[in-house]
Amino acid sequence: MLMKPIRLFFFILLLFYHATLVAFALSLSDSVANNLVDSATAITTITLIGLGLFLVVFGFALFDRRYYQNKLAKLEVEKNEIKAQVYDMKRREDEIDQEIKSFESSIQSAPPETEEDENNDQQKLL
């Protein structure tokens, strides 16, 4: 799927973004921390960038989920169609078997002709 490399890129970008922020937060000096607190626009910008990256990754996850749900639904429909065909074939096979059995029983239940019956038939014709 084409989206996989793009999605992987955004996952890695989000991972590096958070790793950088954690490293930056752990090595903060008091003067840099005071400057960040005084400058609310920098914190807002950093937060919005992180939120944007997270929403992109979340959007890709939703897209993939819907794609696979649609694919699963199509496969389910195809499976049900195949089940119906197999059921119809089995039912038709059972009908043919019953027809064969009834034909066999009709042949077996008919009395076999004897020589006397043949002679009687020939005499009737004369």
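1. Basis. The model is predicted, so local features need pLDDT of at least 70 and side-chain atom pairs count only at pLDDT 80 or more, while totals for chains, interfaces and linings use all residues. Residues are numbered from 1 along each chain as its sequence is written, and side-chain values use heavy atoms, with hydrogens and water left out.

2. Fold. The protein chain has four helices and zero strands, giving the pattern α-α-α-α along the sequence. Helices (H or I, at least four residues) and strands (E, at least two) are DSSP runs numbered from the N terminus. Helix α3 covers residues 40-109. Several of the features below lie in helix α3, including Leu55 and the pair Glu95 and Arg92.

3. Contacts. A contact means heavy atoms within 4.5 Å. Among contacts in the protein chain between residues at least 6 apart in sequence, 77% join residues at least 24 apart.

4. Burial and surface. Of the 126 residues of the protein chain, 6% count as buried. Buried means under 20% relative accessible area, exposed means over 50%, and partly exposed is in between (1.4 Å probe, protein chains only). The protein chain exposes about 11,100 Å², and carbon and sulfur atoms supply 64% of that area. Accessible areas come from the Shrake-Rupley method with a 1.4 Å probe; for residues, only the protein chains shown count as cover.

5. Nonpolar patch. Leu48, Leu51, Phe54, Leu55, Phe58 and Leu62 make a nonpolar surface patch of about 570 Å². Patches are made of residues with over 30% relative accessible area and no salt bridge; nonpolar side chains (Val, Leu, Ile, Met, Phe, Trp, Tyr) are joined within 5 Å, like charges within 9 Å.

6. Aromatic pairs. Rings of Phe, Tyr and Trp (its six-membered ring) pair if their centres lie within 6.5 Å; planes under 30 degrees apart count as stacked, over 60 as edge-to-face and the rest as tilted. The count by this rule is four aromatic pairs. One of them joins Phe9 and Phe10, edge-to-face, at 5.5 Å centre to centre with 75° between the planes. Tyr67 and Tyr68 also form an edge-to-face pair, with 5.1 Å between centres and 75° between the planes. Tyr67 is partly exposed because its relative accessibility is 35%, and Tyr68 is partly exposed at 48%. Ring pairs also link Phe9, Phe10 and Phe60 into a cluster.

7. Salt bridges. A salt bridge is a side-chain nitrogen of Lys or Arg within 4 Å of a carboxyl oxygen of Asp or Glu. The total by this rule is six salt bridges. Asp88 and Arg91 form one of them, at 3.8 Å from N to O; these two residues are separated by about one helical turn because they are three residues apart in helix α3. Arg91 also forms a salt bridge with Glu95, with the closest N and O atoms 3.8 Å apart. Arg91 and Glu95 are four residues apart in helix α3, so about one helical turn separates them.

8. Glu95 in turn meets Arg92 in a salt bridge of 3.2 Å, N to O.
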